[in-house]
Amino acid sequence: MDLGKTVSISLWDDLATTTGQELLDMVDSSPVIAMKSLKVSDFQGVSLSTIGKSTLAINPDLPEAQNLKSWFDSKGKDTSLAPIGAEMGATRKSMYSDRIFLSHITSDPAMGQEKPVFFSLNAIISHIKPEQHMWYRACKTCCNKVTEAFGSGYWSERCNKNASECSLRYIMVIKVSDPNGEAWVSVFNEHAEKIIGYSADELDRIRKERRSLTTLNPLS
């Protein structure tokens, strides 16, 4: 109330289809809402959106809600309100405003199933699966997966052609951890190269050279 600010909130899934319609039907009465467990992003300054575990109560029986309603009825509805975060400007948006903990993901199995969800994490790599196939054979032109062609070479379905050579591209699974949890994530070529320090082709060459040395020097 004292700040005189507004914020946009996006409702998703059941909150949009049920509670959202209820709010539309009673919008003329200026209802007060209380919400919990929202995602914060820096879209257009600052905005909020619901996630799987978000809750929403309309006109809750709380002193804060009653005070807000009284303020709005007496002077708030005639007050000029500005969006919160608008003063930040496009060049001063916080790069951390949409950061969440891993527990927000792992506690909501439905997250990302119906539509992509984007967020930022600050986590460390705690484990890389040693038994995994860390790369796939890819077309040098389109980077899509290729298969061994009949006779020789590699067939690219997307390019619809056979090539004598291919390249290797990373697709590896790693475990990341933060103060609130841990999760397995897939990392693709460009980011995997930054983690490993070598391209997939270079790492494969090093691996083959070391295997060759082990074969030549079995006692070393």
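How much accessible surface does the protein chain have, and what share of that surface belongs to carbon and sulfur atoms? I looked this up to get started: the surface comes to about 15,600 Å², with 54% belonging to carbon and sulfur atoms. A note to myself: this is a predicted model.

**Entry: the chain overall**
I found five helices and 12 strands in the protein chain. Of its 220 residues, 25% are buried. I then looked up contacts with a separation of 6 or more, and 57% of them join residues 24 or more positions apart.

**Entry: the largest pocket**
The largest pocket has a volume of about 990 Å³. I counted 24 residues in its lining, and those nearest the centre are Lys5, Thr6, Val7, Ile33 and Leu68. Strand E1 (5-6), strand E3 (33-41) and helix H2 (63-74) are the elements that each give two or more residues to this lining. Sorted by class, I get 19 nonpolar, three polar and two charged residues here.

**Entry: the second largest pocket**
I noted about 690 Å³ of space in the second largest pocket. Its lining has 30 residues, with Trp12, Lys39, Ser49, Thr50 and Lys115 closest to the centre. Two or more lining residues come from each of strand E2 (8-10), E3 and strand E4 (47-58). Which element gives the largest share of this lining? I found that E4 does, with six residues. By class, I wrote down 13 nonpolar, 11 polar and six charged residues for this pocket.

**Entry: a link to remember**

Definitions and conventions:
Residues are numbered from 1 along each chain as its sequence is written. This is a predicted model: local features need pLDDT of at least 70, side-chain atom pairs count only at pLDDT 80 or more; totals for chains, interfaces and linings use all residues. Side-chain values use heavy atoms; hydrogens and water are left out. On a 1 Å grid over the protein atoms alone, a cavity is a set of points where a 1.4 Å probe fits but cannot get out, and a pocket is an open set with protein on both sides within 12 Å along at least five of seven lines; lining residues have an atom within 4 Å of a point. Grid points are joined across faces, edges and corners, and a volume is the space filled by probe spheres set on the points. Helices (H or I, at least four residues) and strands (E, at least two) are DSSP runs, numbered from the N terminus. Ala, Val, Leu, Ile, Met, Phe, Trp, Tyr, Cys and Pro count as nonpolar, Asp, Glu, Lys and Arg as charged, and the others, Gly among them, as polar. Buried means under 20% relative accessible area, exposed over 50%, partly exposed in between (1.4 Å probe, protein chains only). Contact means heavy atoms within 4.5 Å. Accessible areas come from the Shrake-Rupley method with a 1.4 Å probe; for residues, only the protein chains shown count as cover.
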